[in-house]
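Hi,

Here is the model I promised to pass on. Have a look at it first, and my notes follow below.

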Amino acid sequence: MENQKTKFASDTSDRSLKDWAIALIVLLIGLTVAHLGVTLFLLSELGTDTFTVFIQGLSVVFGLTVGTVHVIVLCILMVVMLLTTKGYVKPGTVVCAFCGGPIIDFFTWLFGNYINGDSSMVIRAVSMVAGCVILSAGMSIVINSNAGTGPNDLVAVILSDKIENVEFRWVRVGCDLFFVVLGFFLGGTVGIGTIVAVCLTGPLVQFWLPVTRKLTAAAGVR
């Protein structure tokens with residue numbers, strides 16, 4: 001990672017339609033990569049991702065389905081961020097909020113028969129770790145597309161910009177830990193994979209950011 005702390009807020013008001021088209025295509029590529037990672041992680045059945053633990057907890061408290069709570073929380077986060085911050089919520093934020101589910105469904109259909117709870121522990125463990133690595137790479141592509149990031153991921157992005165002298169990786173770890181602890185006490189399920197995700201996701205995203213920044217720049221993202 002570069003010595004100077006990365007700032008994520010940006011003004012994209014001068015982008016042309018062509019620039020936005022390129023940025024959104026890159027975002028969709030990153031989103032697909034990220035949700036391949038999410039799928040591999042979930043198929044291992046060694047624990048849910050950190051944000052889902054929080055969503056599970058809320059679903060228990062309010063008696064709603066996980067999917068319903070997920071959409072409600074993401075919409076609330078988008079509105080709050082749109083009203084209280086500038087330069088973070090962009091068209092891609094909406095894309096991330098509503099396109100992730102179908103992508104996960106597709107990859108689950110593709111790999112579900114090969115990776116599941118009945119697979120050997122070696123396959124499940126490799127799937128879990130690979131999922132974290134791939135998820136983090138995809139997330140860094142989405143961030144570097146500068147077209148918007150998922151509302152739940154924006155929490156760490158915004159806080160990283162606001163908190164001086166603390167690298168993104170540690171802000172992300174703190175956010176993930178907050179979601180897990182609160183979700184657990186609300187009734188969410190925590191597994192070994194959840195703990196691995198807390199420890200790996202932030203550092204891995206920060207590792208990938210400078211790598212994928214070069215790739216997105218080469219693709220024409222401005």
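One convention before the charges: Lys and Arg count as positive and Asp and Glu as negative, with His and the chain ends left out. Each charge is placed at NZ of Lys, CZ of Arg, CG of Asp or CD of Glu. On that basis, the mean positions of the 13 positive and 13 negative charges are 8 Å apart.

Some housekeeping: this is a predicted model, where local features need pLDDT of at least 70 and side-chain atom pairs count only at pLDDT 80 or more, while totals for chains, interfaces and linings use all residues. Numbering runs from 1 along each chain as its sequence is written, and side-chain values use heavy atoms, without hydrogens and water.

Overall, the protein has eight helices and zero strands (DSSP runs numbered from the N terminus; H or I of at least four residues for helices, E of at least two for strands). The C-alpha trace spans about 50 × 35 × 35 Å along its principal axes. Of the 222 residues, 50% are buried (under 20% relative accessible area; exposed is over 50%, partly exposed in between, 1.4 Å probe, protein chains only).

Now for H7. Its buried residues include Phe-168, Val-171, Cys-175 and Phe-179, and their cover includes helices H2, H5, H6 and H8. Just after H7, Gly-187 has a positive phi of about 120 degrees.

Over in H5 sits Val-126, which counts as exposed because its relative accessibility is 52%. Its C-alpha is 9.1 Å from that of Leu-40, 86 residues away along the chain.

Cheers

Technical notes. Contact = heavy atoms within 4.5 Å.
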